[in-house]
Structure formats: C-alpha cells, structure tokens
Amino acid sequence: TGNTTVCVNETIQLSDTLPAGKWTVFNDNAALVGTAYVTGQTPGNDTVMYKVTNVCGVDSVLWPISVFPLPEIPAITRVKNTLTIPGGYTLYLWTLNGNPIAGATDSSYTVTQEGSYWVQVANPYYCVVSSPPVTITDFECNPDEIRMFPSPASTLIMIDWCRPVNARLMCIDGKTVMYLKNINQIDISGLPNGIYQVSLSDDRGNVIKTSRITKLQ
C-alpha cells in the first residue's frame, strides 16, 4: 500500500502486510532508498515489486509508480519594490527570511521591508521547487505613504513611515526653529502656538515631503 505517484527528488514510503520480503524496482525512473522508500529520479513510469519467499514457494505483488517532473526553477526579477517571476505555475508562495508571507500567492509581490525573499512554485502535479533568494537591502519607501499626525497638536507630532527621517521645522517666514535627525516623532511642546512648516528628508538629504502643522496648547 502507499502512493502511486512521486515527484522527482521526492521520497514516498510504501508498506507491506508480510515481513521479510524483498523490494525491487524495474527501471531507473524510481530508486529504492532503504526499505520500502521510493525516490523519483526521472519523469516516467516505473514498477515496484515486493517478493516474499517461504518453504512452499514465492509470491510477489507489483506496484505501479508514476514519477512526475519538477517545474522549471523560476528566476526573480525586481523593479523598484516589486518582485516578479514568470506566470504559468499552479501555485505560488512567497517567503521572507524563510517564513511564508500570508496572502502572497501571486506571481508578483511588493516587498514591505528589507530581507531575503524567495518563492516556492508548483506545477499541475503539485511538485514544488524554490527560486534562488533575492536579498533586499535598499528597500525604497514610498514618500506618498508618509503620514504626520495629529495636527493641531500640543506635544508630539508622530511620523508614520517605513524608516526614520530627518525633519526641519520652520516658521512661516522660513526661519528654522528645529532640525532633527533619524526620528519618527517631533516634540513641539516647547514651541509657541502657531503654524509651522515641516520639511522631511531621507538619509541622503533628499526632501521627500513638506507639510504644515499647527501648535496649540
């Protein structure tokens, strides 16, 4: 008893009802690994035979095995923060640092953080291979996704983005009253009430967002 199908490089276990028999395979599409373990080697059909001998003679049973091919190993291409592999696979599963990403089951995935990404794919036989990993060390945050809140505020302005920023706080006339590096919040508790211009820049000094905030007690 057992499965009648196996993928290339996959191993299945068969079982028998009588002990002390001998296992053999008919050709090289499958191979025996130890006792009752069968590994797919090349696509095609094979037959496993189990033979039992006692003082009265010999009996045997044949077990057909179909060896299915693996899908082609996909290569990941990157355009900004989007990773893509060719379509045509039956299943996709993207992983980050070895952990499956919930809901990431399409041929492309938009990364949300730095790390090592790869994708597992399956063909119609549900044989699975993994792509070579792609390591993202220069994740591009989208400036359009920066949020500053609340406004008006009395103490803290929070900056919600994928990484810390530099912030220059200016009066309406352009005079700088505060410059902060590598932050995700601005303490305005010591400033007079009024309207201020905020200029946010990345770690390379590029201005990525400007906005106005209101300080009220």
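Predicted model: local features only at pLDDT ≥ 70, side-chain atom pairs only at ≥ 80, totals over all residues.
Close-up 1. The link is left-handed, with -90° about the S-S bond. Cys-7 also counts as buried, at 8% relative accessibility.

**Close-up 2. The disulfide of Cys-141 and Cys-162.** Here the sulfur atoms are 1.5 Å apart. Cys-141 belongs to the loop between β15 (134-136) and β16 (147-149), and Cys-162 to the loop between β17 (156-160) and β18 (165-171), so the pair ties together parts 21 residues apart in sequence. Cys-141 is buried, with a relative accessible area of 12%, whereas Cys-162 is partly exposed at 40%. The structure holds 2 disulfides.

**Close-up 3. Cys-56 and Cys-171.** Turn now to two further cysteines. Cys-56 counts as exposed, at 75% relative accessibility. Cys-171 is partly exposed, with a relative accessible area of 24%.

**Close-up 4. Glu-72 in its loop.** Glu-72 can be found in the loop between β7 (57-68) and β8 (77-79). Its relative accessibility is 66%, so Glu-72 counts as exposed. Beyond its neighbours within four places in sequence, Glu-72 is in contact with Tyr-89, Val-121 and Val-129. For Val-121, 49 residues away along the chain, the C-alpha separation from Glu-72 is 8.9 Å.

Methods. Residues numbered from 1 in each chain as written. Heavy atoms only, no water. Helix = DSSP H or I, 4+ residues; strand = E, 2+ residues; numbered from the N terminus. Buried < 20%, exposed > 50% of the residue type's maximum accessible area, 1.4 Å probe, protein only. Contact = heavy atoms within 4.5 Å. Disulfide = S-S within 2.5 Å.
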